[in-house]
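Welcome! Have a look at the protein below, and then we will walk through a few of its parts together.

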Amino acid sequence: MAAVIFDVGNVLYHWNPRVLYERLIDDDRALDAFLRDVVTPEWHFQHDQGRPFAETSAELIARHPEHAGLIRLWGDKFIDSVGPTIEGMPDIVRELDDSGVPLFAITNFSDEFWVPFHKREAALFAPFRDIVVSGAEKLAKPDPAIYRLALARFGVEAAQALFIDDREDNIRAAQAEGMHGHLFRDAATLRRELTALGVL
């Protein structure tokens, strides 16, 4: 392996929009309905594809004016939906870096939300040589084009790269481009694979 390429959300960091809203909506059924019917994964995916929050929020507020305040908070407080690092992952990043393994990332993340998050977490990302952010490229996993772009920019041959992601569709797409894939479940399982591959 010449490089290890990480996903960010739910691989390096916990991410769940529920964390943002559970402090604001104290009825569980109302919270579930809001997350299911208003700030849906499909709506948020537009940010990962590069659409500005100002546009998507205006459209959503027009459809759900009764939730205007809560919708605006997605933009104002999105960083609060990204939780702490996943247990054991900072150690793996540090050990790989100490071993001289080139580290990269491909993340589905709004470019405008990424900037403050990356600044907040600069210490963990310091060892990463490059990070492809979907919102900046207007390409999102599992589109094959984002993997090709990343490999070209990283200067890494697909067959020499291990890609780590928590979604099967993203892993399958990476494997279709010739990369090795690891479907992330926890740090202990990842550590065993990295050891078996001779990376750690």
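Let's begin with a residue on the inside: His47 is buried, because its relative accessible area is 1%, and buried means under 20% relative accessible area, exposed over 50% and partly exposed in between (1.4 Å probe, protein chains only). This is a predicted model, in which local features need pLDDT of at least 70 and side-chain atom pairs count only at pLDDT 80 or more, while totals for chains, interfaces and linings use all residues. Residues are numbered from 1 along each chain as its sequence is written, and side-chain values use heavy atoms, with hydrogens and water left out.

**His47 and its surroundings**

- His47 sits in helix α3, which covers residues 41–48; helices (H or I, at least four residues) and strands (E, at least two) are DSSP runs, numbered from the N terminus.
- Its side chain makes a polar contact with the side chain of Thr56 at 2.5 Å.
- A polar contact is a pair of N or O atoms within 3.5 Å; within protein, one must be able to donate a hydrogen and the other to accept it, and residues adjacent in sequence count only if both atoms are side-chain atoms.
- If we set aside neighbours within four places in sequence, His47 is in contact (heavy atoms within 4.5 Å) with Phe53, Thr56, Trp74, Phe109, Ser110, Phe113 and Gly135.

**Ser57 in helix α4**

- Helix α4 spans residues 53–63 and holds Ser57.
- Is Ser57 buried or exposed? Ser57 is buried, because its relative accessible area is 8%.
- The side chain of Ser57 reaches the backbone oxygen of Ala54 at 3.3 Å.
- Not counting residues up to four places away in sequence, Ser57 touches Trp43 and Ile71.

- Strand β4 (residues 103–107) is mostly covered, with five of its five residues buried.
- On one side of β4 are Leu103, Ala105 and Thr107, on the other Phe104 and Ile106, and all of them are buried.
- Strand β1 (residues 3–6) runs parallel to β4, and three bridges join them; two strands pair if DSSP finds at least two bridges between them.
- Along this pairing, Val4 has Leu103 in β4 as its bridge partner, and Phe6 stands opposite Ala105 in β4.
- Which strand pairs with β4 over five bridges? Strand β5 (residues 128–133) does, in the parallel sense, and Val133 in β5 is the bridge partner of Thr107.
- β1 also pairs in the parallel sense with strand β6 (residues 161–165), over four bridges, and here Ile5 stands opposite Phe163 in β6.
- From β1, Ala3 and Ile5 point one way and Val4 and Phe6 the other way, and all are buried.

- Gly9 has its place in the loop between β1 and β2 (13–15).
- Gly9 counts as partly exposed because its relative accessibility is 23%.
- Gly9 and Asp165 are 156 residues apart in sequence, and their C-alpha atoms are 8.7 Å apart in space.
- Leaving aside neighbours within four places in sequence, Gly9 is in contact with Trp15 and Asp166.
- Glu168 is found in helix α11, and counts as partly exposed because its relative accessibility is 47%.
- Glu168 touches Leu183 and Arg185, not counting residues up to four places away in sequence.

**The largest pocket**

- Rolling a probe the size of a water molecule over the atoms shows where empty space is left.
- On a 1 Å grid over the protein atoms alone, a pocket is an open set of points where a 1.4 Å probe fits, with protein on both sides within 12 Å along at least five of seven lines; lining residues have an atom within 4 Å of a point.
- The largest pocket has a volume of about 640 Å³, a volume being the space filled by probe spheres set on the points, which are joined across faces, edges and corners.
- Its lining has 28 residues, of which Trp15, His44, Asp48, Asn108 and Arg167 lie nearest the centre.
- The elements giving two or more residues to this lining are α1 (17–21), α3 and α11 (168–176), and α3 gives the most, with four residues.
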